[in-house]
Amino acid sequence: MTNTYNNNNNNKEGTKYKFKIHLVGDRYEGCKTSFLNVVCNNSFNLEYTHTTIWDYMEKEMEINDIRISVAIYDYFFPNDGREYKANEHRANFEYLHGIVFLYSITNKESFENIKQFWYKEYIKKYKMIDKKYFKKPKLFKPTIMIIGNKSDLRNESNQSECVNSDDARSFASSIGALFFEISLRENSNVETAYTEMVKAILTNYEIAGGSSVSEISTN
Ligand SMILES: Nc1nc2c(ncn2[C@@H]2O[C@H](COP(=O)(O)OP(=O)(O)OP(=O)(O)O)[C@@H](O)[C@H]2O)c(=O)[nH]1
Ligand SMILES: [Mg+2]
């Protein structure tokens, strides 16, 4: 797929920046498709359909009078993501501005998988592809956000199976990530989380020079 999120030549009139965000997390418990639909279409469906192709939707927004277009990728991972193929994914990792790791508050395993698997593997993958295919030292680091979803179910769930908010917050803080608890079903805290993410990307991006990501230096 042709990547149009490099901020070089493809801006629509009035759009200053184009950012790209990936949604990452366990099958079902990550609620990635639900996140995409609530943020981009303001629609929520309780029925579950496993995503079998990756796709993205675009959302336009304005922050401090700056018009931004954000492509949010609902990422499909073969074999639940335990297997990666660099060639399949390299174009999608190019010019990546943000990664949202999602878990279900009511499922501790989905949070542990973010900590022990998704975060580590995804950052490793990102760096590997970056180094292997994009020769320039692109040291602009993607903004990271950790999201605990299904806050609507916390009170009615077995508390010993729920993710402790402080544990999740301290993990997010230890990796320099934003952290929010949300309910997609109730549309609670979703816009705040999403807007804070884009604001943080914008800040990082402008501090780094505000030009093509490939020209931005890292670390
Ligand atoms: N109660 C509740 N259910 C939710 C919430 N968000 C999502 N769900 C439900 O959780 C299930 C899984 O959500 P999906 O968004 O399809 O999960 P996914 O990560 O895209 O799953 P895969 O495509 O298989 O990787 C669906 O039945 C959703 O309706 C929420 O905030 N509260
Ligand atoms: Mg899905």
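# A guided reading of the predicted fold

F179 is partly exposed, because 19 other C-beta atoms lie within 10 Å; a residue is buried if 20 or more other C-beta atoms lie within 10 Å of its own, exposed if 12 or fewer, and partly exposed in between, with C-beta atoms placed from the backbone. This is a predicted model, in which local features need pLDDT of at least 70, side-chain atom pairs count only at pLDDT 80 or more, and totals for chains, interfaces and linings use all residues. Residues are numbered from 1 along each chain as its sequence is written, while chains are lettered from A and ligands numbered from 1 in the order in which they are written.

F179 is found in strand 6. Helices (H or I, at least four residues) and strands (E, at least two) are DSSP runs, numbered from the N terminus. Not counting residues up to four places away in sequence, F179 touches I146, A168, R169 and A172; two residues are in contact if their C-beta atoms, placed from the backbone, lie within 7 Å. F179 and I147 are 32 residues apart in sequence, yet their C-alpha atoms are 5.9 Å apart in space. Helix 4 (residues 165-174) lies across strand 5 (143-149) and strand 6, and runs at about 160° to strand 6. For such angles, axes are lines fitted to C-alpha atoms, for helices over the stretch in contact, and angles run from 0 to 180 degrees between N-to-C directions.

The view may now widen to the whole chain. The protein chain contains five helices and six strands, which follow the pattern β-α-β-β-α-β-α-β-α-β-α along the sequence. Of its 219 residues, 36% count as buried. Among contacts between residues at least 6 apart in sequence, 72% join residues at least 24 apart.

An open sheet of six strands has the order 2-3-1-4-5-6, with mixed pairing. Its edge strands are strand 2 and strand 6 (178-181), each of which pairs on one side only. Two strands pair if DSSP finds at least two bridges between them. Neighbouring strands of this sheet are turned by 25° against each other on average, direction ignored. Strands of a sheet pair through backbone hydrogen bonds, either parallel or antiparallel.

The sheet can be followed from the edge formed by strand 2. Strand 2 and strand 3 run antiparallel and are joined by nine bridges; K59 has V70 in strand 3 as its bridge partner. Two residues lie between the strands of this hairpin, where N64 takes a positive phi near 50°. Strand 3 is joined in turn to strand 1 by seven bridges, and these two strands run parallel. I21 has I72 as its bridge partner in strand 3, and H22 stands opposite Y73 in strand 3. Strand 1 and strand 4 pair in the parallel sense over four bridges, and there the partner of I21 in strand 4 is G98.

Seven bridges join strand 4 to strand 5, which run parallel, with I144 in strand 5 as the bridge partner of I99.

The buried residues of helix 1 (residues 32-41) are K32, S34, F35, L36, V38 and V39. What covers them includes strand 1 (17-24), strand 2 (55-63), strand 3 (66-74), strand 4 (98-104) and helix 5. After helix 1 comes N42, whose phi is positive, near 55°.

Helix 5 (residues 190-207) has 18 residues, which should span 26 Å at 1.5 Å a residue; its end C-alpha atoms are 26 Å apart, so the two values agree. The expected span is 1.5 Å times one less than the number of residues in the helix. Among the buried residues of helix 5 are V190, Y194, M197 and I201.

Ligand 1 is surrounded by 20 residues, of which the closest are T33, S34, Y48, T51 and R185; a residue is near a molecule if its C-beta atom, placed from the backbone, lies within 6 Å of it. Helix 1 gives the largest share of this shell, three residues.
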